[in-house]
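Colleague: I would like to learn how to read a model of this kind feature by feature, with the general idea before each case. Could we go through it together, with the cut-offs stated as we meet them?

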Amino acid sequence: MLHNLRNANFYLMVLLDLIIFCVAFYGAYLFRFDFSLPEYASTQCLELLKYTVVIKFSVFLGLGLYRGMWRYTSLRDLWHILEATFLQSLILVTVVLYKFGFSGFSRGVFIIDWMLTVFMCGGMRVMIRSFYAFKDGNSIKFSPESCPAEGNNALIIGAGRAGEKVVREIRSSGQLKYLPVGFLDNDKSKRGRTIHGVPVLGPLSDLQELVQNKCVNEILIAVAEASGAEMREIIDACKETGLPYKILPGMDEIINGKVGIKALRDVSYQDLLGRAPVQLDTTAISDYLSGKTVLVTGCGGSIGSELVRQVVRFNPAKLILVDASEANLYGIQMELHHELKFHDYVTVLGSVQDVLLMDETFAKFKPHTVFHAAAYKHVPMMERNPWQAVHNNICGTKNVMTAADKHGVARFVIVSTDKAVRPTNIMGASKRVTELLMRLFHNSETTFMAVRFGNVVGSSGSVVPLFRRQIEKGGPVTVTHKDVTRYFMSISEAAQLILQAGVMADGGEIFILEMGEPIKIADMARDLIRLSGKEPDKDIEIIFTGLREGEKLYEELITEGEGIVRTEHDKIMVLKGVENDLEAYCAQFKNQLAEMKDAADKFHAGGVRVMLHDVVPEFDEEG
């Protein structure tokens, strides 16, 4: 309020409303008496005017109608005017009834006064907003005859809700210096219609013609949901025009607060995946995260750090951050503290291989939920150092699970991989063993589950950062094999689905994330080269180096014989293996784990491989 008193516009707004209050009330009497006021009505009007103005102004001020800026008037503001004017009329009628007893007063005057006040106050605000919109729109000059090479004329691809948001922001913001000249959309029902005064001109196939006829200088892509094939078609059409093009961030990024609607950016490979935003059961997730202590191992890695960001959205009581890398742990700590403004965290610098550290951490902080993302994931590295896969991926996981079981953790989520399915390498086999470890805790009060998915775009182990660096250096881009395929999803999508899967488990399940269609790595390399503005095999060469040790041509998400069932979430499936004699299996499994650890302690690569083959019969190093 004190800030308003120092603002000259506040007094202008009040003055205009006071005039409206007086005119509306006097006008109500004129309408009621057919513009011929009897002397008693004129006296009555003047007598009530002072009450009317004071009541109306007090209600407007009390309900905060002077806090907003009229140049940004919205439907919500008009709704507030309806509420305020109704309250005004109610108070005024009550005052008249109490002071004068309503004898000799026309009821119609108060109804007309309410209608005129709504109309005039709302109309004034709409007129001011229209004035500024017209002024801002005309501040960018457009001359169809000249068609300058540089300018602000923008053509928007997508006449849906994302396109509408872009135009609305352009109209109301001084930061986006664009003049929208039209929409393109393949939906025939939208042709010839307008959105905020901007016409829908035609389908995507008309892009080249419209770019020339409308003097377009830039293309804005505002498509909320599109498949990978549809997005590639849009990008190819934009590239053919030779004009710069930008894309609106995904709606999930905007909703999560990572970016604003103004954050138009260059197209990234993630846009070409064409994956729809994840729909989360936020109520169920909040029930097991909000106000609880949550522990994340491997919290500084690609998946672990994104899990931390997603968990923070649900207001946990405390976050326990565990990571063996000092740099990674410090990085996520600084992001939490300075960017996400979350301060209820504890950092634990150490490895999951440290039994005593894990036990002490769980005993001290008593976490309710654990997300176990700590693991070695580099396939060739694990082929050369198989004992580390045992020590970290298997024994480290067993240490954390044992501590969770001992100290009463409610839910424990293991982050697994599609490489655990019919593994052809040490890393995949070790992750399959981590899934099998859940069987050792089948009688536990802790609900254990695993979540299996493929590659994530932009992670530390992803080929995308490697390809980008190679492209920046002018090539060549190295691909292992022309036919190699992988499943891909975004880091944020993977983390969100891991949280969602945590709601669904009864114990011992392996949840499988819907990864869509596998993507050829060679096609991915070509897409990234094109996104950089170059042509594959012309400007940037692609060479095939051969499969690395432990790699296979394609990945799978399900092992033959595993029974898979769909869940209530369309992007999550579940499978649960059943042992005929689980107790006997567990006794044998414990002995195998002891022998495997003994071989790893002696750095005996051959012994580790033999034991992995015993535990995981489908492990086939021949591929």
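Colleague: In which helix is phenylalanine 362 found?

Modeller: Phenylalanine 362 is found in helix H14, residues 355-365, where helices (H or I, at least four residues) and strands (E, at least two) are DSSP runs numbered from the N terminus. Before going further, note that this is a predicted model, in which local features need pLDDT of at least 70 and side-chain atom pairs count only at pLDDT 80 or more, while totals for chains, interfaces and linings use all residues. Residues are numbered from 1 along each chain as its sequence is written, and side-chain values use heavy atoms, with hydrogens and water left out.

Colleague: How many helices and strands does the protein have, and what percentage of its residues count as buried?

Modeller: The protein has 22 helices and 21 strands, and 50% of its 623 residues count as buried. Buried means under 20% relative accessible area, exposed means over 50%, and partly exposed lies in between, with a 1.4 Å probe and protein chains only.

Colleague: Is phenylalanine 362 buried or exposed, and which residues does it touch?

Modeller: Phenylalanine 362 is buried, because its relative accessible area is 0%. Leaving aside residues up to four places away in sequence, phenylalanine 362 touches Leu295, Pro367, Val370, Val400, Ala403, Ala404, His407 and Val409, a contact being heavy atoms within 4.5 Å.

Colleague: What is the general idea behind a nonpolar core, and how many residues has the largest one here?

Modeller: In soluble globular proteins, nonpolar side chains tend to be buried together. A nonpolar core is a set of buried Ala, Val, Leu, Ile, Met, Phe, Trp, Tyr and Cys residues joined through side-chain atoms within 4.5 Å. The largest one in this model has 53 residues, and those with the most contacts inside it are Phe362, Met401, Phe412, Val433, Phe589 and Leu612. Helix H16, residues 386-406, gives the most to this core, with nine residues. A second, separate core of 39 residues includes Val308, Ile491, Ile498 and Ile572. Returning to valine 433, its contacts, not counting residues up to four places away in sequence, are with Ile394, Phe589, Leu593, Leu612, Val615 and Val616.

Colleague: How should I read the packing of H16 against helix H22, and at what angle do their axes cross?

Modeller: Two packed helices are described by the angle between their axes and the distance between the axes. The axes of H16 and H22 (residues 605-615) come within 8 Å and cross at roughly 55 degrees; axes are lines fitted to C-alpha atoms, for helices over the stretch in contact, and angles run from 0 to 180 degrees between N-to-C directions. H16 and H22 are therefore oblique to each other, since angles under 35 degrees count as roughly parallel, over 145 as roughly antiparallel, 65 to 115 as roughly perpendicular and the rest as oblique. Pro386, Trp387, Val390 and Ile394 of H16 meet Ala605, Val608 and Leu612 of H22.

Colleague: Where does phenylalanine 35 lie, and what is its phi?

Modeller: Most residues other than glycine have a negative phi, and most peptide bonds are trans. Phenylalanine 35, although not a glycine, has a positive phi of about 60 degrees, and it lies in the loop between helix H2 (8-32) and helix H3 (39-62). Phenylalanine 35 counts as exposed, because its relative accessibility is 57%. Asparagine 315 likewise has a positive phi, of about 55 degrees, in the loop between helix H12 (302-312) and strand E8 (318-323), and asparagine 315 is exposed at 55% relative accessible area.

Colleague: How many disulfides are there?

Modeller: A disulfide is a covalent bond between the sulfur atoms of two cysteines. With the criterion of a pair of cysteine sulfur atoms within 2.5 Å, the count comes to zero. Cysteine 22 is in no disulfide, and the nearest cysteine sulfur, that of cysteine 45, is 9.2 Å away. Cysteine 22 counts as partly exposed at 30% relative accessibility, whereas cysteine 299 counts as buried at 0%.
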